[in-house]
Amino acid sequence: MEYSYLDNGTPIVRIDNKLIPNVQFGIIDNGNVIFQNFRADIFAYSYLKVPMSEFMKHNDSMLVEYTPLYSFDKIEAHKRAVSYIGKHSEQQLPSVFGDDFVFWCLVGDKLWDSFASSKVGNHYKDKYREGKLINVYHHAIAIEQDVIIHFTETDGNAKGHSHTQIEATSFAQLKHPILVKYDNDSLSARWATRNRAICMLAYKQFTKSYNLITNNCEHFATLCRTGIPNSQQVKNGYIDLASVIISLFVPQISPIAYWRIKKYF
């Protein structure tokens, strides 16, 4: 892409074919680029202005202009980007791609107004039947209005091996989504949730293998939402199993055991 004639305030995306993370957002400034720099080795964020040649230092990189569906003012976007040069991140958890920084440059405080009524950063669960027999819930995090990130284990290949996968898919994949509510819900918590999920997607090669008991889709979603992995589904399963076992020796609690396990069928 020819970039020397791009107006100040134009949002761009660098796509790196062989690097992780594989994209980097930025704002044009007189032929330079202002962007949110993420240092994975020290997990630090800063805002830099560098020449385009330095921004495009990787030979396999491709540059494209970012064209959002909403309108924005390039002059105002440029002013906001310039105001961040030399700063370190003040956000709880910025995006590894710098897209949240660019979004703020484009829309300013209107970002929060639209974000508040969106699905972004919310944790959803969706009931499905495991093995066409048992009812369980699949969990996911919405990172855009129509996009989710979730943790799955794919079916076995020809050699019978399955593998762990963190993937971004359409929200429509959730057939009957139920919003999982949190007592400490806030816009900043939802924004951090979104960015944790994106970070997990970017560095998915370091993720532990899927395990139904210790590392499932709910562990992933609660880790993104709270910073601590947890699966209430697994905990309830242990309690339900214990109630069934106890009911074999104490018939009086059989109705309780029945009430607890009927939700699986």
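How are α3 and α5 oriented to each other?

## Helix packing

In this predicted model, local features need pLDDT of at least 70 and side-chain atom pairs count only at pLDDT 80 or more, while totals for chains, interfaces and linings use all residues. Residues are numbered from 1 along each chain as its sequence is written, and side-chain values use heavy atoms, with hydrogens and water left out.

Helices α3 (residues 99–107) and α5 (residues 187–202) pack with their axes 11 Å apart and at an angle of about 135 degrees, and they are therefore oblique to each other (angles under 35 degrees count as roughly parallel, over 145 as roughly antiparallel, 65 to 115 as roughly perpendicular and the rest as oblique). Asp99, Asp100 and Phe103 of α3 make the contact with Trp191, Arg194, Asn195 and Ile198 of α5, where contact means heavy atoms within 4.5 Å.

## The β7–β8 hairpin

Strands β7 and β8 form a hairpin with two residues between them; β8 covers residues 147–153 and runs antiparallel to β7, to which four bridges join it (two strands pair if DSSP finds at least two bridges between them). Within this pairing, Ala140 stands opposite His150 in β8.

Strand β7 (residues 134–144) is mostly covered, as eight of its 11 residues are buried (under 20% relative accessible area, with exposed over 50% and partly exposed in between, for a 1.4 Å probe and protein chains only).

## Asn37 in strand β3

Asn37 lies in strand β3 (residues 32–39) and is buried, with a relative accessible area of 19%. Leaving aside neighbours within four places in sequence, Asn37 is in contact with Ala44, Tyr45, Ser46 and Leu48.

Notes
Axes are lines fitted to C-alpha atoms, for helices over the stretch in contact, and angles run from 0 to 180 degrees between N-to-C directions.
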